[in-house]
Amino acid sequence: MTKILAFAGSTRKGSYNHAIVKVAAEGAREAGAEVTVIDLADYQMPLFNEDEEAEFGIPEKAQAFKALLMSHDGFLIASPEYNSSYPALFKNAIDWASRMSEGEKPLQAYRGKVAGIMAASAGGLGGMRVLVVLRMLLENLGTMVLPNQKAIAKVNTLLNEAGEVEDEKTIKQLKNLGRETAELASKLHS
C-alpha cells in the first residue's frame, strides 16, 4: 500500500496550513493510500549546526522525523508564507532530515519521493510565493513535486468554528491534490 506523510510547516495552534493538509490527506486516503498526519510541534529540534551534530549526533526528534520521511512514498506539505518563503522551523526540520546516518544513502529521506504542495493564508495570494521556493527546495533534494499545487487565499473565510475547511470547492481542490499525490506515488513505487 502506498504510504503518504502529511504535515504543515507550522506549529501554530489553529494553523490554516494544518487545516488544509488534513483535507488533502483525506483525498489521498480516498485514493487508497495509507496516510499519516503529523504535527511538527511533536518534533521539536535544535537549530541545525554541524558542530553540534559532530559532537552530539542527530537529535532524537530529528531522527524520528527523518524515519517517518524515509518510511513513506510521498508527502503532502502545506507551508505558511513568511516573507515570501517558508518558516525557519520547517526548513530546520528539512535540514536535519537531510543529514546522512551510517548505512543510509545520501538524501534517502527525499530521493525518489513524490510531494503535493499547498499553502494557505488570510491574504489575497494564499501563500502562493512560498510554493515557488518550496518546490525548488524539495526538487533539489530529489523529491518529485506535482505540477498541480494549491494556494488557498482568504482561508479564514473558508473555515467553520472548529477551524476545519468547509468550502466545498476548496475541499474538492485539496482532495484532488491528495489523490494525485497518492496515485503518482503508487505508480512510482509499484
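The radius of gyration used here is taken over C-alpha atoms, and the rule for a globule is 2.2 Å times the number of residues to the power 0.38. For 190 residues, a compact globule would therefore have a radius of gyration near 16 Å, and the chain, with 16 Å, agrees with that. Keep in mind as you look around that this is a predicted model. Along its principal axes, the C-alpha trace spans about 50 × 40 × 25 Å.

Now follow the chain itself. Six helices and six strands make it up in terms of secondary structure, and reading along the sequence gives the pattern β-α-β-α-α-β-α-β-α-β-β-α.

Of the 190 residues in the chain, 46% are buried. The accessible surface comes to about 9,400 Å², and carbon and sulfur atoms account for 49% of that area.

How many cavities of 30 Å³ or more does a search of the whole structure find? The search finds one, and the largest cavity holds about 40 Å³ of space. Its lining includes Lys-66 and Met-70, along with Ala-97, Ser-98, Arg-99 and Met-100. Also among the lining residues are Glu-104, Lys-105, Pro-106, Leu-107, Gln-108 and Ala-109.

Methods: Residues numbered from 1 in each chain as written. Predicted model: local features only at pLDDT ≥ 70, side-chain atom pairs only at ≥ 80, totals over all residues. Heavy atoms only, no water. 1 Å grid on protein atoms, 1.4 Å probe; cavity = no way out; pocket = protein on both sides within 12 Å on 5 of 7 lines; lining within 4 Å. Points joined across faces, edges and corners; volume = space filled by probe spheres on them. Helix = DSSP H or I, 4+ residues; strand = E, 2+ residues; numbered from the N terminus. Buried < 20%, exposed > 50% of the residue type's maximum accessible area, 1.4 Å probe, protein only. Areas by Shrake-Rupley, 256 points an atom, 1.4 Å probe, with all protein chains shown as cover.
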